[in-house]
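I set out to record the salt bridges of this model. The entries below follow the order of my look-ups.

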Amino acid sequence: MRIGEVDVAKGDVVLISIAAANRDPERFEDPERFDVTRPSRSNLAFGHGTHLCLGAHLARIEGEVALEMLFRQLKDLRLAIDPAEVVWSYGPMLRGPRELPVTFSR
């Protein structure tokens, strides 16, 4: 079998990394940038087709409500550092900021 430009022989180990999902520059403009306003392009966050997570719709609604409430309560929520200073953790399964210092007033 050939995956991309790599031949995979019977018995070869193939590791799938969730951290790499939705980061294909051929499908997503500027995939390294976090952009919550980016239009959906059939991302893999909750699987696909018959493998779609049963809780996907609920999780999306919960996330939308949580973020809406957060930004409604903390209108001036912002990063406490320059975005270029955010330190990212990269693992075999997930990636994300090591910490995300923010500032706000109530």
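**Salt-bridge notebook**

I began with helix H1 (residues 56-73), where Arg-72 and Glu-68 lie about one helical turn from each other because they are four residues apart. I took helices (H or I, at least four residues) and strands (E, at least two) as DSSP runs, numbered from the N terminus. I noted that this is a predicted model, in which local features need pLDDT of at least 70 and side-chain atom pairs count only at pLDDT 80 or more, while totals for chains, interfaces and linings use all residues. I numbered residues from 1 along each chain as its sequence is written, and side-chain values use heavy atoms, with hydrogens and water left out.

I then looked up the contact itself: the side chains of Glu-68 and Arg-72 form a salt bridge at 2.6 Å, N to O. I applied the term to a side-chain nitrogen of Lys or Arg within 4 Å of a carboxyl oxygen of Asp or Glu.

For accessibility I used relative accessible area: buried is under 20%, exposed over 50%, and partly exposed in between (1.4 Å probe, protein chains only). Arg-72 is partly exposed at 43%, and Glu-68 is partly exposed at 41%.

How many salt bridges does the structure hold? I found four.

Next I examined Arg-2, whose side chain meets that of Asp-7 in a salt bridge of 2.6 Å, N to O. Asp-7 is exposed, with 57% relative accessibility.

I also recorded a salt bridge between Asp-76 and Arg-78, with their closest N and O atoms 3.9 Å apart. Asp-76 is partly exposed at 27%, and Arg-78 is partly exposed at 47%.
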